[in-house]
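This report looks at selected side-chain contacts, salt bridges and the nonpolar core. The sequence and structure are shown first.

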Amino acid sequence: MPTARAKVRGTYPFMAPEVLCGEGISEASDVWSLAMLFSVLLSGDEPFAAATSQCKNPAQVPFVLKDRLEQGERPALGGLAAQGLQTLVTSMWAQDPERRPRAAEVRDRLLAARQGGERRMAEELARAKEELRRRER
């Protein structure tokens, strides 16, 4: 189901393959774009910057990106991403929009990862406090 019926606007490297092909926007294309934002946050690099900078004519950019995406090229996530986050992001940029998680699932998985991280931090803090107490004795 489309999320809007307006003329598509945006930044090509953040557009889902189906949007680049003129199929319009949807929840699945929004999930794709969010994955591209995560790739920027995790790597510090704009997705597909090398490919788009080689285009002498800006009108070539969507065609170059479409070809790269069809070949399975995706941005690097960088070494800072936890495995669970990498798994989530790679599911979000599946070529087939039907294979991408729904927005609610993305939210739920991020919240679960956050809660798990908070729990691990609390456990590590408790261990560190115990170690300090033991040293003070």
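The side chain of R100 has a polar atom 2.8 Å from the backbone oxygen of A94. A second polar contact joins the side chain of R100 to the side chain of E18, at 2.7 Å. A polar contact here is a pair of N or O atoms within 3.5 Å; within protein, one must be able to donate a hydrogen and the other to accept it, and residues adjacent in sequence count only if both atoms are side-chain atoms.

The model is predicted: local features need pLDDT of at least 70 and side-chain atom pairs count only at pLDDT 80 or more, while totals for chains, interfaces and linings use all residues. Residues are numbered from 1 along each chain as its sequence is written, and side-chain values use heavy atoms, with hydrogens and water left out.

R100 sits in the loop between α5 (83–92) and α6 (103–136). Helices are DSSP runs of H or I with at least four residues, and strands are runs of E with at least two, numbered from the N terminus. Is R100 buried or exposed? Its relative accessibility is 6%, so R100 counts as buried. The classes are buried (under 20% relative accessible area), exposed (over 50%) and partly exposed (in between), with a 1.4 Å probe and protein chains only. Leaving aside neighbours within four places in sequence, the residues in contact with R100 (heavy atoms within 4.5 Å) include A16, P17, A28, S29, V31 and W32. Also among them are S91, M92, W93 and Q95.

**Salt bridges**

The structure holds 7 salt bridges. The term covers a side-chain nitrogen of Lys or Arg within 4 Å of a carboxyl oxygen of Asp or Glu. The table gives some of them.

| Pair | N to O distance |
|---|---|
| E27 and R102 | 2.7 Å |
| E70 and K66 | 2.8 Å |
| D108 and R107 | 3.0 Å |

In the bridge between E27 and R102, E27 belongs to helix α2 (residues 27–43) and R102 to the loop between α5 and α6, so the pair ties together parts that are 75 residues apart in sequence. E27 is partly exposed at a relative accessible area of 23%, and R102 is exposed at 55% relative accessibility.

E70 and K66 are both in helix α4 (residues 61–70), 4 residues apart, which is about one turn of the helix. E70 is partly exposed, with a relative accessible area of 48%; K66 is partly exposed too, at 26% relative accessibility.

**Nonpolar core**

A nonpolar core is a set of buried Ala, Val, Leu, Ile, Met, Phe, Trp, Tyr and Cys residues joined through side-chain atoms within 4.5 Å. The largest one has 22 residues, of which W32, M36, V89, M92 and W93 touch the most other members. At least two residues of this core come from each of α1 (17–20), α2, α4 and α5. The largest share, 6 residues, is supplied by α2.

Not counting residues up to four places away in sequence, M36 touches P13, F14, P47, F48, P75 and W93. One of these partners, F48, is in the loop between α2 and α3 (49–53). F48 is not a glycine, yet its phi is positive, about 60 degrees. With a relative accessible area of 7%, F48 is buried.
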